[in-house]
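Here is my note on the model, point by point. Please read it with the structure open.

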Amino acid sequence: MPKASANLENLYRIFTVPEGPDSTLRAIDQAIADDVAGFLQTHIVAIERNLEEIEADFSSCTIPEEPTYVSDYTEFVKENLVAQSVHTSAPGFIGHMTSALPYFMLPMARLMTALNQNVVKVETSKAFTPMERQVLAMLHNLVFRKQEDFYSSWIHNSQHALGAFCSGGTIANVTALWVARNRLFAPRGDFRGIAQEGLFSALRNRGAEGVAVLVSERGHYSFGKAADLLGLGRDNLVKVRTDSANRIDMQQLREEHRRLMERNILPLALVGIAGTTETGNIDPLDAMADFAAEIGCHFHVDAAWGGPTLFSSRHRHLLAGIQRADSVTIDAHKQLYVPMGAGMVIFKDPTAMSAIEHHAAYILRHGSKDLGSHTLEGSRPGMSMLVHAGFSIIGRKGYEILIDMGIDKAKSFAAMIDRHPDFELTSVPELNILTYRYCPQPVQQALAIASQGVRDAINTILDQVSQLLQKHQREAGKTFVSRTRLPIARYGQELTVLRVVLANPLTTGDILEAILAEQCEIVQDAEIRSLLQQIEEIMGKY
Ligand SMILES: *Cc1c(COP(=O)(O)O)cnc(C)c1O
């Protein structure tokens with residue numbers, strides 16, 4: 001047993017000899033290997049302490065002077081970290097996009113960590129580099145369906161990359177807009193390109209007042225970050241209004257584009273969404289592709305969530321037009337069931353990424369196959385191994401079942417909500433995401449005929465109900481739904497709604513019933529009851 005004191009012998013030991021069989025860390029390791037679901041079930045306690053209390057365990061600001069035994073530290077991890085974590089893989093945890101993982105991901109991830117390959121360059125990754133390129137080509141093929149000889153000539157081409165593997169959808173979206181920006185302001189004549197001369201010079205060269213990105217108001221917040229980071233400015237992220245089904249309104253899109261033209265602002269990219277984060281809706285991608293072609297701008301599709309729908313023969317048609325995009329984002333840590341963080345962006349044109357190519361003397365040399373020459377990130381883990389494992393072990397048909405099951409489940413949950421007198425569906429699921437709220441039938445009936453003023457008053461109170469309901473349910477720790485604010489067409493106003501994401505294959509109809517039942521119990525709470533009473537009083541007056 002190594003002594004917890006800082007000396008060279010002990011340091012050598014922690015780099016070489018694992019702890020004995022009686023160590024806490026090894027016991028945890030074994031328990032996870034044997035039955036990860038059981039381990040999480042037993043060791044994550046339902047929320048007992050609030051965040052402020054937990055913060056007290058993490059309040060020292062001094063790096064420990066003296067070493068600690070691994071087992072002592074592991075006890076701390078068990079008690080203070082694991083116990084107070086969120087059980088994201090629980091089948092009743094249906095509020096977010098983070099859900100269960102297939103068991104093999106865990107040992108594979110452990111192997112990946114053991115190998116500790118750095119895919120920024122071939123010199124530290126070897127086989128991981130061609131594997132990552134293969135994964136990108138497979139995904140490219142899923143979306144763009146090019147001929148076989150296209151892939152044989154591009155897959156391992158040292159000059160180019162079919163896409164970039166990154167830490168998630170955010171970096172994937174940033175990368176897509178970065179490429180679009182650099183292609184819009186490519187070198188020409190005396191102008192050496194935006195990458196060299198910067199945005200100011202680029203705009204002067206084109207005689208333009210600014211550049212804008214057009215996306216619907218349901219667009220993910222990563223586009224705001226991208227607009228900031230790429231120097232476009234958040235004001236130039238134009239959020240186009242959506243229709244009652246949360247899809248971009250093409251008429252409004254034309255209108256916004258016309259306004260940009262009037263102000264001499266260049267459209268840099270048009271972004272279509274395949275599976276909005278809040279409601280899972282899909283923009284009219286074909287019509288958007290037509291419009292992007294008409295105005296001559298980059299067409300990006302953010303399919304971070306919905307991309308894997310392409311695996312499903314039954315539902316792939318929902319994404320029609322995606323193959324006409326210039327670039328597509330797909331998150332692997334969402335519906336490819338890979339642990340975080342894994343995202344990808346792929347480009348239809350295999351030479352597109354040259355626009356952001358970067359070289360350095362000691363690595364990423366010209367003509368090398370180093371992946372780092374086409375990525376925003378530098379040192380990166382071999383996460384593509386986990387996507388490769390998913391593709392190989394689950395296969396197209398396996399993913400198809402997962403996708404179909406999630407969509408079917410969302411439809412049946414929507415029907416369950418519709419049938420229930422006290423709940424109101426606020427967005428109909430197109431994929432496996434839906435929103436709803438608690439709203440007793442008499443209130444629904446009153447709202448249908450109320451004046452705008454009365455409606456506003458009632459809905460404001462119902463917003464508080466939704467907020468408290470969601471909070472209480474989260475705090476009870478048995479099940480979880482999330483909440484968001486959405487404009488609801490039928491009321492002509494923005495409402496607080498409960499949001500559900502049905503991606504965990506272990507979530508059953510019974511669990512969904514139980515979630516509604518629990519919510520009906522939570523609204524008996526005194527604070528919520530008094531809010532509902534206020535609504536009754538308003539209804540009584542009119
Ligand atoms: C999740 C998501 C993103 C962002 O992805 P991260 O992996 O969280 O960075 C972007 N767009 C959409 C539509 C998403 O659902």
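1. Helices (H or I, at least four residues) and strands (E, at least two) are DSSP runs, numbered from the N terminus. Lys126 is found in the loop between α5 (105-115) and α6. This is a predicted model: local features need pLDDT of at least 70, side-chain atom pairs count only at pLDDT 80 or more, and totals for chains, interfaces and linings use all residues. Residues are numbered from 1 along each chain as its sequence is written, and side-chain values use heavy atoms, with hydrogens and water left out.

2. Stay with Lys126. Its phi is near 45°, a positive value in a residue other than glycine. Most residues other than glycine have a negative phi, and most peptide bonds are trans. Is Lys126 buried or exposed? Buried means under 20% relative accessible area, exposed over 50%, and partly exposed in between (1.4 Å probe, protein chains only). Lys126 has a relative accessible area of 66%, so it is exposed.

3. Helix α6 (residues 128-144) begins with Phe128. The expected span of a helix is 1.5 Å times one less than its number of residues. For the 17 residues of α6 that gives 24 Å, and the end C-alpha atoms are 24 Å apart, which agrees. The helix is mostly covered, with 13 of its 17 residues buried. Phe128 is buried, at a relative accessible area of 9%. Just after α6, Arg145 takes a positive phi of about 45°.

4. Asn246 has a phi near 60°, a positive value in a residue other than glycine. The residue is found in the loop between β3 (237-240) and α11 (250-262). Its relative accessibility is 6%, so Asn246 counts as buried. Gly341 is found in the loop between β6 (327-331) and β7 (343-347).

5. Now the ligand. A residue counts as near a molecule or strand if one of its heavy atoms lies within 4 Å of it. The ligand is surrounded by 15 residues, the closest being Thr170, Asp302, Asp331, His333 and Lys334. How do the residues of the shell divide into nonpolar, polar and charged? Three are nonpolar, nine polar and three charged. Here Ala, Val, Leu, Ile, Met, Phe, Trp, Tyr, Cys and Pro count as nonpolar, Asp, Glu, Lys and Arg as charged, and the others, Gly among them, as polar.

6. The side chain of Thr170 has an N or O atom 2.6 Å from an oxygen atom of the ligand. For the side chain of Thr277, an N or O atom is 3.1 Å from a ligand oxygen atom. A polar side-chain atom of Asp302 lies 2.6 Å from a nitrogen atom of the ligand. Taken alone the ligand exposes 380 Å², and the protein buries 88% of that. Accessible areas come from the Shrake-Rupley method with a 1.4 Å probe; for residues, only the protein chains shown count as cover.

7. Helix α8 (residues 169-184) supplies the largest share of the ligand shell, three residues. Its 16 residues reach 22 Å from first C-alpha to last, close to the 22 Å expected at 1.5 Å a residue. The helix is mostly covered: 12 of the 16 are buried. Among them are Trp178, Arg181 and Asn182.

8. Last, the rings. Rings of Phe, Tyr and Trp (its six-membered ring) pair if their centres lie within 6.5 Å; planes under 30 degrees apart count as stacked, over 60 as edge-to-face and the rest as tilted. The structure holds 12 aromatic pairs. The centres of Tyr103 and Phe104 are 6.3 Å apart and the planes at 85°, so this pair is edge-to-face. Tyr103 counts as exposed, at 64% relative accessibility, whereas Phe104 is buried, at 9%.

9. Phe413 counts as buried, at 0% relative accessibility, and Tyr436 is buried, with a relative accessible area of 0%. Ring pairs link Phe413, Phe423, Tyr436 and Tyr438 into a cluster.

Methods: Polar contact = N/O pair within 3.5 Å; in protein donor to acceptor, adjacent residues only side chain to side chain.
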